[in-house]
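I set out to record what can be looked up in this two-chain model. The entries go from whole chains to single residues.

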Amino acid sequence: MTEVIEALSLVPKAEAKQSMKDFKSDQEVRWCPGCGDYAVLAAVQGFMPELGLAKENIVFVSGIGCSSRFPYYMNTYGMHSIHGRAPAIATGLASSRRDLSVWVVTGDGDALSIGGNHLIHALRRNVNLKILLFNNRIYGLTKGQYSPTSEVGKITKSTPMGSLDAPFNPVSLAIGAEASFVARTVDSDRKHLTSVLRAAAEHQGTALIEIYQNCNIFNDGAFEVLKDKQQAEEAVIRLEHGQLIRFGADGSKGVVRDQATGDLKVIAVTDENASQILIHDAHTTSPTTAFALSRLADPDTLHHTPIGVFRSVDRPVYDTQMSDQLETAIEQKGKGDLATLLAGNDTWTTGR
Amino acid sequence: MKTLTEGEDLSSAPAVTTTLTTRTTPVRQLDRVIIRFAGDSGDGMQLTGDRFTSETASFGNDLSTLPNFPAEIRAPAGTLPGVSSFQLHFADHDILTPGDAPNVLVAMNPAALKANVADLPRGAEIIVNTDEFTKRPMAKVGYATSPLEDGSLGAYHVHPVALTSMTIEALKDFGLSRKEAERSKNMFALGLLSWMYHRPTEGTEKFLRTKFAKKPQIAEANVAAFRAGWNFGETTEDFAVSYEVAPATSAFPAGTYRNISGNLALSLGLIAAGRQADLPLYLGSYPITPASDILHELSKHKNFGVRTFQAEDEIAGIGAALGAAFGGSLGVTTTSGPGVALKSEAIGLAVSLELPLLIIDIQRGGPSTGLPTKTEQADLLQAMYGRNGEAPVPVIAPRTPGDCFDAAIDAVRIALAYRTPVFLLSDGYLANGSEPWRVPEVDELPDLRVQFASGPNHELADGTEVFWPYKRDPKTLARPWAVPGTPGLEHRIGGIEKQDGTGNISYDPANHDFMVRTRQAKIDNIEVPDLEVDDPHGAKTLVLGWGSTFGPISAAVRRLRVEGKPIAQAHLRHLNPFPKNLGEVLKRYEHVVVPEMNLGQLATLIRAKYLVDAISYNQVNGMPFKAEQLATALKEAIDD
């Protein structure tokens with residue numbers, strides 16, 4: 001990538017051309033064979049050279065969970081922190097060091113259960129963070145309990161008679177939390193995953209990428225319907241900004257607004273209704289349609305699952321504003337003088 | 001310095017000599033006075049006390065203050081739980097506490113009188129707002145008859161003053177509603193007290209005009225009420241005398257002074273430490289009483305490059321501070337006991353990451369929500385041990401409001417030099433209390449600069465130069481601080497056990513044993529000054545304290561010595577690690593008494609570590625010790 005990405009304009013550039021190898025650490029990767037995490041790691045390592053950033057200015061921060069081992073495998077700076085807290089830690093880092101490109105790696109349990117609070121607040125603040133949320137709809141590291149994205153009735157070790165609680169839809173949650181950038185992709189689709197990473201990197205502020213990731217040990221095939229070529233044609237809706245929202249064999253299906261309810265629905269495209277098909281606008285200020293798109297998928301069968309960038313809007317960035325306030329304070333009051341500060345306004349002197 | 005000043009608080013009635021000045025009323029000289037302003041939590045008693053304190057500080061007295069207020073912002077008016085008070089002790093000599101018992105009580109309503117009268121010694125003066133002593137307000141607090149008329153206040157010198165109606169009368173030309181005018185009655189009271197004690201008034205008038213700059217009418221009304229109070233004192237015959245307390249010129253070494261509260265001193269200490277370390281200060285904090293003032297204060301000083309982040313919760317507060325520390329900032333989080341409980345896991349992470357971080361705990365009454373606005377020092381064991389695993393953290397505690405400045409700098413020194421989280425344990429008493437503080441010269445402040453890692457620090461067997469994030473400084477055992485942005489030092493750290501040196505994940509049993517012991521050794525070997533013992537008479541009993549009990553303990557020790565009872569005193573700033581000579585000091589004495597505002601937490605630590613049969617003396621009523629009470633307790637130990 002040769003053009004300057006404004007969102008990364010403060011991050012120093014690499015002096016030489018980089019390759020995927022530059023981003024592989026010397027640590028042995030220890031995920032289960034066949035885990036979807038490998039594909040995501042390879043995609044990220046393969047994408048990083050595109051950004052051309054000095055790798056010492058890239059930081060990966062993670063929480064706890066299988067995916068949170070990710071930083072160990074990136075030859076950048078990294079922190080493997082504690083359960084759920086990565087967005088908070090990354091917020092401190094990103095808001096104090098605008099010359100860094102800060103990435104958060106988290107999972108459905110880490111980000112949506114124990115760390116739910118930090119996630120929503122990072123999103124609403126719009127700190128310059130790129131959050132990769134690996135969603136496998138199960139707890140892997142603790143060996144197979146249901147997660148906050150598991151479908152209702154999930155039979156697991158902790159729910160032998162089926163789980164009772166309704167799952168979160170991470171994209172809906174993020175849009176509701178005022179996220180300025182929300183996307184979804186799938187671990188096995190390297191090309192799509194990379195395109196979403198690119199869009200996130202170019203975005204100013206917090207970007208949330210939900211990555212559907214297969215846990216082949218505890219929840220194998222959870223997203224098979226989106227991966228199997230034949231099924232995917234009917235199940236996956238690829239969102240592209242400025243393009244008609246059509247999918248299915250030869251674009252036989254489309255997404256239209258239900259005139260009665262204002263909601264979105266899937267229709268079989270005909271000559272008569274073709275003009276009603278929505279054009280995807282990721283940059284529109286209102287989150288309404290992006291939210292409606294996030295509700296299209298059937299949570300049980302995953303039919304009509306949109307992938308791609310749901311929403312990408314410009315909004316003031318927290319760390320930029322924080323720095324601006326420091327500069328404004330210096331403009332207004334002058335650079336702080338410690339002796340004056342310590343003395344305050346009301347002193348007296350004794351001679352002895 | 002006057003020798004008899006050691007007899008501080010010896011009697012409740014101050015020694016007086018009457019002289020005449022140019023005033024029309026006689027003026028008496030006092031060596032010290034304790035005043036308590038008390039009223040409804042909406043009556044502005046804290047502001048009144050603050051102003052009187054500022055006047056007193058600028059006059060040059062030594063002083064010590066004790067604000068005492070309910071957790072409710074506006075408790076039901078006129079009730080006992082709603083009473084807010086501010087006690088101020090000022091003197092012509094150096095003093096150590098806000099005083100045991102007030103010489104003067106200003107009671108703005110019956111509730112304020114009822115809640116405070118038991119603390120007054122015989123002969124104390126009571127200034128009461130008679131306008132509030134009507135049937136309903138009195139009935140609300142259980143006065144069947146008026147205490148102003150039924151003789152129940154016979155032991156005191158009562159000044160009935162119609163504070164409310166005189167304030168309204170004084171402001172009748174200001175076009176204010178009755179309710180608005182009434183709100184200035186605290187300034188009337190302040191004016192009266194300022195007259196009684198010859199306080200300078202310019203500061204308060206200037207303060208009012210600044211505070212109400214956007215409402216000049218209100219500003220002038222308050223100034224008018226203030227002056228009316230002063231003039232009332234001058235003209236009424238009820239106040240036969242006024243009092244002078246000379247400046248405490250001999251109590252203070254030469255220098256420039258200001259009045260300062262603990263939380264303000266702590267805030268300034270943090271800014272100073274950031275400058276001396278040449279690191280940007282980053283505060284991650286969630287509002288909590290009584291620590292929020294530090295967040296407020298630091299937020300005002302963005303022109304020092306201070307970043308303040310009001311987080312979504314306590315955990316995010318410390319998380320952000322730790323993230324900033326990873327990036328090379330001076331990371332700080334401020335909280336109180338409940339917040340520390342929430343931060344525990346992140347403190348453990350900081351122990352494992354071995355990054356500098358300050359955790360400031362302004363202790364309050366516990367457990368759980370406890371007493372948010374009252375003081376206690378019951379978080380010591382939480383700070384020492386409140387984490388999973390072996391997770392040692394240095395602990396330091398300031399002894400006075402002004403000392404919070406030095407303690408902050410000391411805490412930063414340790415955090416930076418040893419790459420460790422550090423606990424600073426202040427408390428509500430220090431946080432809100434105030435005293436004169438000598439403004440330090442910037443040149444006297446210590447150099448706290450540290451070196452970030454800049455290149456490889458290890459050579460592999462094959463001669464390759466590499467960076468090892470957990471290769472330690474042989475003296476301090478600190479690991480290198482390699483901040484992102486440094487080329488060639490890319491590394492990963494985390495809460496999982498690490499291999500010594502490389503910092504790679506390691507589950508090796510022997511390595512874990514080594515790392516646990518090494519982290520402990522690093523903290524144990526932190527350099528802290530030896531404990532100083534004040535023992536002029538070769539006593540057999542030692543009183544050992546820590547934190548904010550310094551004032552009351554010192555005052556009690558003075559009393560005992562005046563009575564000819566020898567007693568030694570030592571006060572700990574460093575609670576982890578303890579000073580190297582502590583064990584030897586303890587063994588020198590037959591009796592060791594440890595007064596604490598908890599159920600014996602320091603006593604437990606020293607009994608465990610030094611096998612010393614320490615006598616624990618405890619109080620957990622949300623208030624600081626009284627000097628008299630402590631002196632009595634210590635006397636028992638001496639006479640034992």
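The entries below follow the order in which I looked things up.

**Conventions.** I worked with a predicted model, in which local features need pLDDT of at least 70 and side-chain atom pairs count only at pLDDT 80 or more, while totals for chains, interfaces and linings use all residues. Residues are numbered from 1 along each chain as its sequence is written, and chains are lettered from A and ligands numbered from 1 in the order in which they are written.

**Chain B, overall.** I counted 20 helices and 26 strands in chain B; helices (H or I, at least four residues) and strands (E, at least two) are DSSP runs numbered from the N terminus. Its radius of gyration is 27 Å, close to the 26 Å of the globule rule for 640 residues, so chain B is as compact as a globular protein of that length. I note that this radius is taken over C-alpha atoms and that the rule is 2.2 Å times the number of residues to the power 0.38. Along the principal axes, the C-alpha atoms of chain B fill a box of roughly 95 × 60 × 45 Å. Of its 640 residues, 55% count as buried. Here a residue is buried if 20 or more other C-beta atoms lie within 10 Å of its own, exposed if 12 or fewer, and partly exposed in between, with C-beta atoms placed from the backbone. Among contacts in chain B with a separation of 6 or more, 75% are between residues 24 or more positions apart; two residues are in contact if their C-beta atoms, placed from the backbone, lie within 7 Å.

**Chain A, overall.** I found 11 helices and 12 strands in chain A. A compact globule of 352 residues would have a radius of gyration near 20 Å, and the 23 Å of chain A agrees. The C-alpha trace of chain A spans about 90 × 50 × 45 Å along its principal axes. In chain A, 47% of the 352 residues count as buried.

Which element of chain B gives the most to the side that touches chain A? I first noted that the contact takes 60 residues from chain B and 53 residues from chain A. Elements of chain B that each supply at least two residues include α1 (45-59), α9 (262-277) and α12 (337-353). The most comes from α11(B), with nine residues. By class, this side of chain B has 29 nonpolar, 22 polar and nine charged residues; Ala, Val, Leu, Ile, Met, Phe, Trp, Tyr, Cys and Pro count as nonpolar, Asp, Glu, Lys and Arg as charged, and the others, Gly among them, as polar.

**Strands across the contact.** I looked for strand pairs, which require at least two DSSP bridges. Strand β12 (residues 347-350) of chain A pairs with β10(B) in the antiparallel sense over four bridges, and Thr347(A) stands opposite Arg258(B). A parallel pair is formed by β2(A) and β20(B), joined by three bridges, with Met79(A) opposite Ile493(B). Within chain A, β2(A) also pairs in the parallel sense with β1 (residues 58-62) over four bridges. From β2(A), Tyr77(A) and Met79(A) point one way and Gly78(A) and His80(A) the other, and all are buried.

**Helix α17(B).** How many residues of α17(B) are buried? I find 11 of the 13, so the helix is largely enclosed by the rest of the structure. Among the buried residues are Phe550(B), Arg558(B) and Arg559(B). The buried residues pack against elements of chain B including β4 (62-68), β22 (541-546) and α20 (627-639). Just after the helix, Gly564(B) takes a positive phi of about 85°.

**Sheet containing β4(B).** I traced an open sheet of six strands in chain B, ordered β4-β5-β3-β6-β7-β8 with mixed pairing. Its edge strands are β4 and β8 (157-161), each pairing on one side only. Seven bridges join β4(B) to β5 (residues 83-91) of chain B in an antiparallel run, where Asp62(B) stands opposite Ala91(B).

**Backbone exceptions.** Most residues other than glycine have a negative phi, and most peptide bonds are trans. I recorded a cis bond from Gly366(B) to Pro367(B), with omega near 5°, and Pro367(B) lies in the loop between β14 (357-363) and α13 (380-385) of chain B.
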